Amino acid sequence: LAFGPVLRAANSLSAIHLDFSRCRQLESSAFEALVRGFADNLNLTTLSLNFAYCRLEDSRMRTLCRGLRGLQNLTTFQLILACCDKLGVTGVQDLAEVFVDKQKLTKLCLNLASRADIAQIWGPARSARPVPSLGDEEVQALARGMTGSPQLTAVDFSLRDCTYVGDAGVEALAQALGGQAKLTTINLNFESCRRLG
């Protein structure tokens with residue numbers, strides 16, 4: 001993937017928007033080069049990454065999070081991991097740790113929606129494939145991480161179709177958001193989270 005070296009060479013960028021949704025053949029070496037590329041842009045204030053429907057397993061998530069940790073000037077961060085069927089608890093916990101020390105982050109958008117429309121995506125022949133879904137443990141980890149970003153003014157968080165998310169996860173998220181003194185905008189999507197009481 002040629003974008004990694006390009007991003008490294010242009011290391012004075014203030015905003016990067018990358019959409020790799022449905023790029024399920026993205027190789028590990030290319031992914032690592034991409035992460036190194038944006039991680040070298042220490043003046044980055046806006047980062048938008050879309051990996052929806054990608055094979056983003058926990059090891060790749062760890063690589064991504066290593067790159068994100070050094071970006072201390074981020075004010076706006078969007079990460080779309082919708083329908084990443086290989087993502088597990090460890091990967092989400094690594095992501096949560098990224099937010100622990102983001103003192104300048106004001107706008108956060110996380111999309112972790114589960115794959116509910118698998119028959120539409122893969123066709124009826126594959127509709128019996130198991131649907132991975134995040135649960136309370138992952139949401140609680142993200143909520144703890146968010147408390148380390150005290151400047152948040154806007155949060156957009158989608159857990160659509162995450163059927164294992166229940167009251168414990170939502171309560172942790174509510175407490176974390178309630179402690180954000182500067183928060184002015186909240187957009188939360190819990191559509192089809194059937195365990196909510």
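The legends below describe close-up views of a predicted model.

Local features are given at pLDDT of at least 70 and side-chain atom pairs at pLDDT 80 or more, while totals for chains, interfaces and linings use all residues. Residues are numbered from 1 along each chain as its sequence is written, and side-chain values use heavy atoms, without hydrogens and water.

**View 1. The open sheet of six strands.**
The strand order is β1-β2-β3-β4-β5-β6, with parallel pairing; strands pair if DSSP finds at least two bridges between them. β1 (15–19) and β6 (185–189) are the edge strands, each pairing on one side only. On average, neighbouring strands are turned by 5° against each other, direction ignored (axes are lines fitted to C-alpha atoms, angles run from 0 to 180 degrees between N-to-C directions). Strands are DSSP runs of E with at least two residues, and helices are runs of H or I with at least four, numbered from the N terminus.

**View 2. Pairing of β1 with β2.**
Five bridges join β1 to β2 (residues 46–50) in the parallel sense. Ala15 has Thr46 of β2 as its bridge partner.

**View 3. Buried residues of helix α4.**
Within α4 (residues 89–98), Gly91, Val92, Asp94, Leu95, Ala96 and Val98 are buried (under 20% relative accessible area, 1.4 Å probe, protein chains only). Their cover includes α3 (58–69), β3 (76–80), β4 (107–111) and α6 (136–146).

Apart from neighbours within four places in sequence, Asp94 is in contact with Arg62, Cys65 and Arg69 (heavy atoms within 4.5 Å). Arg62 is 32 residues from Asp94 along the chain, with 6.2 Å between their C-alpha atoms.

How values were computed
Buried < 20%, exposed > 50% of the residue type's maximum accessible area, 1.4 Å probe, protein only.
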